[in-house]
Amino acid sequence: MSRLLMPKPDEKTLARREEIVADMRTIVPGEGVVDTVNEMRVFESDALTAYRQLPLVVVLPETVAQVSRVLKYCNERNIRVVPRGSGTSLSGGALPLEDAVLLVMSRFNRILDIDYPNRAVVAQPGVTNLGITHAVEQEGFYYAPDPSSQIACSIGGNVAENSGGVHCLKYGLTANNVLGIEMVLMNGEVVRLGGKHLDAEGYDLLGLMTGSEGLLGVVTEVTVRILRKPETARALLIGFPTSEEGGHCVADIIGAGIIPGGMEMMDRPAIHAAEDFLHAGYPLDCEALLIVELDGPKNEVDHLIGAVEAIAARNGSTLCRISTSEEERLAFWAGRKAAFPAVGRISPDYYCMDGTIPRKELPRVLAGMRSLSEKYGLRVANVFHAGDGNLHPLILYDANVPGELEKAEDFGSDILRLCVEVGGVLTGEHGVGVEKRDLMPEMFNEADLDQQMRVKCAFDPNHLLNPGKVFPQLRRCAELGRMHVHRGQVAFPDIPRF
């Protein structure tokens, strides 16, 4: 069993369950409330399936007014709420709590407006990432962020986790492609941030909400930027005899001033798993495989292909295959996109990690992961966004073997500590959730964490929204608001206070 600790359930809330369920049915009539054990099983976990917990009740609202009433009701009665999108989160961000209403936004699944002149789409949060591209591709547009789960993950969840994808190197994460949101605060108030315009004055509250992991509010509408499809896009498959040589190639490509549309890397276990699963034409005789996509005007792409080929050769590449058709380019990417489910064929269970490092540290970190693999006696397959240093090690284990999940957790924690040690961060796109929560002190000191908690307190002073996530320990907002006064004088009296 996992050693994960969650907030102690509120016994008063548990005792009032029947009353709460009945009230939820009044707010969200019809089939919008799920309360039987068997029906709630499908919501007991997100994609980090090592951790499971049934919620108090599942509520699936269809209107902003219903979301507002649910949150206001819970706020007035001190009931916790866990927001959930499609449940594809890999950090346990949507893990339910025993005494919390699980607020599922999947019924908010309509695209509300497509504005080609302003290159913007307004969508409800339950619309899938890929659904936005499907809605605009007939006019030659697309939505750039493309997580591997894009066929299923919701745009609201993308905002909560600041998701990226294989093309985030050139086109940015969700934060770089969201223009505005509508959100409901814990007290039921509905607010709008941003819009189709580029920037709003004042505090960057839109930036604050993007990546806030459901701790500050519930998103009910998202406005995103859409882009014109590039004139040309071609991909290269480049094989290397060692992962270190592949890592050096990545750094040299970026160092040469080349910014690919996407640049991904896979090691031998991941290559073999993906090829056996999808038959994408990957070479099986290399230790590392680099996928580099170059897009833009045809002449520019042709020139950059030659430059990347030369850089790869200088770094000892043993294979360089260039896509000759759109079908072949998509096949190169299909193997990478299917890498996670493919690895599931070679191990009963796997633990997908997410950390980010400076590109130049890639060889050192890969070597460190090999040493940790030997230390823990567990295999690891590596699939990662090489261009921006976002690693996704997949730790292979068997949950049926006593102690293996705990070993996998410890192995993953050591990988993340190594990421921070070399100047990186704990997460790139999966979020902190419960998975990395207790590692936050590795990256932030007490003052940092207190300041982050003050932001939480400003939006949710009673800590009812998604508690037990991100912060390593719960604090009361009153404790953070104390100001020490010594001999009638506050500290740093020259600093303006509001």
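**Strand, pocket, salt bridges**

Modeller: Strand 4, residues 100-104, is mostly covered, with five of its five residues buried. Keep in mind that this is a predicted model.

Colleague: Which way do the side chains of strand 4 point?

Modeller: A100, L102 and V104 point one way, V101 and L103 the other way, and all are buried. In a regular strand, side chains alternate between the two faces of the sheet.

Colleague: Which strand pairs with strand 4 over five bridges?

Modeller: Strand 3, residues 80-84, in the parallel sense. Within that strand, R84 has V104 of strand 4 as its bridge partner. Strand 2, residues 57-59, also pairs with strand 4 in the parallel sense, over three bridges.

Colleague: And what stands opposite L102?

Modeller: V58 does.

Colleague: How do the lining residues of the second largest pocket divide by type?

Modeller: There are 12 nonpolar, six polar and nine charged residues in that lining.

Colleague: Now the charged pairs. How many salt bridges are there?

Modeller: The count comes to 29. One of them joins the side chains of E264 and R336, at 2.8 Å from N to O.

Colleague: Which parts does the pair E264 and R336 tie together?

Modeller: E264 lies in strand 13 (residues 262-267) and R336 in helix 12, so the pair ties together parts that are 72 residues apart in sequence.

Colleague: Is E264 buried or exposed?

Modeller: E264 is buried, at 1% relative accessible area. R336 is buried as well, also with a value of 1%.

Colleague: What about E44 and R41, how far apart are their closest N and O atoms?

Modeller: 3.1 Å, and the two form a salt bridge. E44 counts as buried because its relative accessible area of 12% is under the 20% cut-off. R41, at 42%, is partly exposed.

Colleague: Which residues are linked with E361 in a network of salt bridges?

Modeller: K360, R364 and E421. The side chains of E361 and R364 meet at 3.7 Å, N to O. E361 is buried at 12% relative accessible area, while R364 is partly exposed at 43%.

Notes. Residues are numbered from 1 along each chain as its sequence is written. This is a predicted model: local features need pLDDT of at least 70, side-chain atom pairs count only at pLDDT 80 or more; totals for chains, interfaces and linings use all residues. Side-chain values use heavy atoms; hydrogens and water are left out. Buried means under 20% relative accessible area, exposed over 50%, partly exposed in between (1.4 Å probe, protein chains only). Helices (H or I, at least four residues) and strands (E, at least two) are DSSP runs, numbered from the N terminus. Two strands pair if DSSP finds at least two bridges between them. Ala, Val, Leu, Ile, Met, Phe, Trp, Tyr, Cys and Pro count as nonpolar, Asp, Glu, Lys and Arg as charged, and the others, Gly among them, as polar. A salt bridge is a side-chain nitrogen of Lys or Arg within 4 Å of a carboxyl oxygen of Asp or Glu.
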